Amino acid sequence: MVIAPELYAQRRERFLAKLGGAAAVIPAASLVSHHADVEYPFRQASDFWYLTGFDEPEAVALFLPHRPETPFVLFVEPKEPSAEVWAGRRWGCEGAVAQFGASVAHPREELAKRLPEYLKGAEGIAFRVGRHQAVEPLVLKAWADQLDRAPRSGQAALGLVAPCGLLHELRLRKSLEELDRLREAARISALAHEVARDVVRPGLNERQVQGVIDQVFLENGARGPAYGSIVAGGDNACVLHYTSNTATLLDGDLLLIDAGCSLSDYYNGDITRTFPINGRFSGEQRALYELVLAAQEAAVAAVRPGATAEAIHDIAVRTLVAGLLDLGLLSGSIDAVVEQGAYRHLYMHRTGHWLGLDVHDVGAYRLGEHPVVLEPGMVLTVEPGLYVSDRLPVPEGQPAIEERWKGIGIRIEDDVAVTMLGHEVLSAAALKAPAAMER
Ligand SMILES: [Mn+2]
């Protein structure tokens with residue numbers, strides 16, 4: 001079940017209440033040029049989507065707590081058969097009101113003319129500067145005109161505020177309906193990992209595996225991949241954002257797959273698994289795999305209300321460092337290595353991020369000095385890894401890396417929801433036990 005219209009209405013009510021006396025201007029995404037006159041498939045802006053569920057480009061939503069008779073105004077591309085025959089059906093102004101709950105809707109081209117009137121009487125204007133090239137000049141002009149007239153009109157918005165804080169605080173805490181959607185995204189994403197692992201053989205190309213993953217996503221009703229799938233054999237796994245996916249899979253190497261789907265309403269999965277291409281871990285591969293898994297499981301186990309993303313990262317790092325000391329890939333004491341960051345040539349990223357309508361979802365990780373404390377309804381990834389290659393220099397005082405370890409890149413990533421009692425691993429259907437990775 002996709003998110004129901006009432007839920008979007010609830011979100012708007014909460015957002016309007018948080019705005020106080022400020023009027024918010026939230027633009028939809030625009031189509032983005034790919035090449036010549038071809039555009040990328042449309043992807044709605046997540047903030048706009050969260051508040052409207054309206055999936056067309058170039059629209060603009062106004063939220064007007066100072067105008068209780070029309071608190072939610074949509075500007076949309078109007079019905080126009082000659083355009084719709086090329087680019088598909090539009091809801092138009094009538095649809096925006098009837099289907100999407102707008103108090104009133106206007107053609108998008110009337111925004112410049114109508115915006116000043118709608119903003120009149122607002123105590124402030126909530127608009128994200130720097131992101132919306134077409135809308136920003138209109139907002140600034142409406143505000144400037146208000147200020148020019150203020151001596152006679154007696155009123156003008158006092159300031160421009162960023163809506164992000166208010167909105168992203170809402171988006172950070174997922175409702176039960178949103179958790180259902182994230183569960184579904186994780187289910188399909190996990191299925192793709194299971195199917196992909198089953199087809200992998202030495203001699204296949206990374207791209208063929210990517211094709212299998214995309215097929216599972218599409219067949220199960222997802223829009224497609226949530227981000228560029230990473231299908232990285234052997235040393236390619238040590239390139240964190242490897243997405244060219246063009247190499248042949250070699251007997252004896254590991255394969256790292258970081259892939260997740262995006263649903264019709266944009267909720268995302270984000271899962272990483274790593275396994276031996278020929279079905280058997282080497283001794284070195286198994287040692288590092290078991291270590292990353294131990295770090296990942298310890299970090300997942302720490303997810304509960306009251307914990308922080310920072311503490312979860314620390315648990316993963318300390319587990320990895322302890323194991324790397326045992327294996328001779330690091331030397332010194334756990335505390336000294338962690339304090340100096342002397343492990344960062346082997347583990348150079350954070351252990352997770354928020355997950356939701358954006359894969360790297362919105363929401364602060366810190367508030368001033370303090371790390372954000374986990375609450376039920378927050379969803380994060382837990383994804384430690386190890387990447388053994390020559391790309392980064394070995395820190396002074398740390399051992400040179402023996403050849404037998406090189407070219408091993410491992411990451412294990414799950415999607416984890418914070419619950420009242422602890423956590424729920426949404427992506428648990430993607431197996432990760434060492435025995436399940438072999439055949
Ligand atoms: Mn991730």
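Trainee: In which hand does H5 pass H6 in their crossing?

Mentor: Before the case itself, note that this is a predicted model, in which local features need pLDDT of at least 70 and side-chain atom pairs count only at pLDDT 80 or more, while totals for chains, interfaces and linings use all residues. Residues are numbered from 1 along each chain as its sequence is written. Helices (H or I, at least four residues) and strands (E, at least two) are DSSP runs, numbered from the N terminus. A crossing is left-handed if the near helix is turned anticlockwise from the far one by less than a right angle, and right-handed if clockwise. H5 passes H6 in a right-handed crossing.

Trainee: At what angle do H5 and H6 pack, and how far apart are their axes?

Mentor: Two packed helices are described by the angle between their axes and the distance between the axes. The axes are lines fitted to C-alpha atoms, for helices over the stretch in contact, and the angles run from 0 to 180 degrees between N-to-C directions. Helix H5 (residues 111-119) and helix H6 (residues 136-153) pack at about 45°, with axes 9 Å apart. Angles under 35 degrees count as roughly parallel, over 145 as roughly antiparallel, 65 to 115 as roughly perpendicular and the rest as oblique, and H5 and H6 are therefore oblique to each other. Residues are in contact if their C-beta atoms, placed from the backbone, lie within 7 Å; here the contact involves Leu-111, Ala-112, Leu-115, Pro-116 and Leu-119 of H5, together with Leu-138, Ala-142, Asp-145 and Gln-146 of H6.

Trainee: How do the axes of H10 and H11 cross?

Mentor: The axes of H10 (residues 283-301) and H11 (residues 309-327) come within 8 Å and cross at roughly 155°, so the two helices are roughly antiparallel to each other. The crossing of H10 and H11 is right-handed.

Trainee: In what order do the strands of the open sheet lie?

Mentor: Two strands pair if DSSP finds at least two bridges between them. The open sheet of three strands has the order E16-E19-E20, with antiparallel pairing. Strands E16 (379-382) and E20 (423-425) stand at the edges with a single partner strand each, so one side of each has no neighbour in the sheet. E16 pairs with E19 (residues 414-418) over four bridges, and Val-379 has Ala-417 as its bridge partner in E19.

Trainee: Are the residues of E16 buried or exposed?

Mentor: A residue is buried if 20 or more other C-beta atoms lie within 10 Å of its own, exposed if 12 or fewer, and partly exposed in between. Val-379 and Thr-381 point one way from E16, Leu-380 and Val-382 point the other way, and all are buried.

Trainee: What is the phi of Asn-245, and what is that of Tyr-266?

Mentor: Most residues other than glycine have a negative phi. Asn-245, although not a glycine, has a positive phi of about 50°; this residue is in the loop between strand E10 (230-233) and strand E11 (254-259). Tyr-266, also not a glycine, has a positive phi of about 75° and lies in the loop between strand E12 (261-262) and strand E13 (271-276). Asn-245 is buried, with 20 other C-beta atoms within 10 Å, and Tyr-266 counts as buried with 21 C-beta neighbours inside 10 Å.

Terms used:
Two residues are in contact if their C-beta atoms, placed from the backbone, lie within 7 Å.
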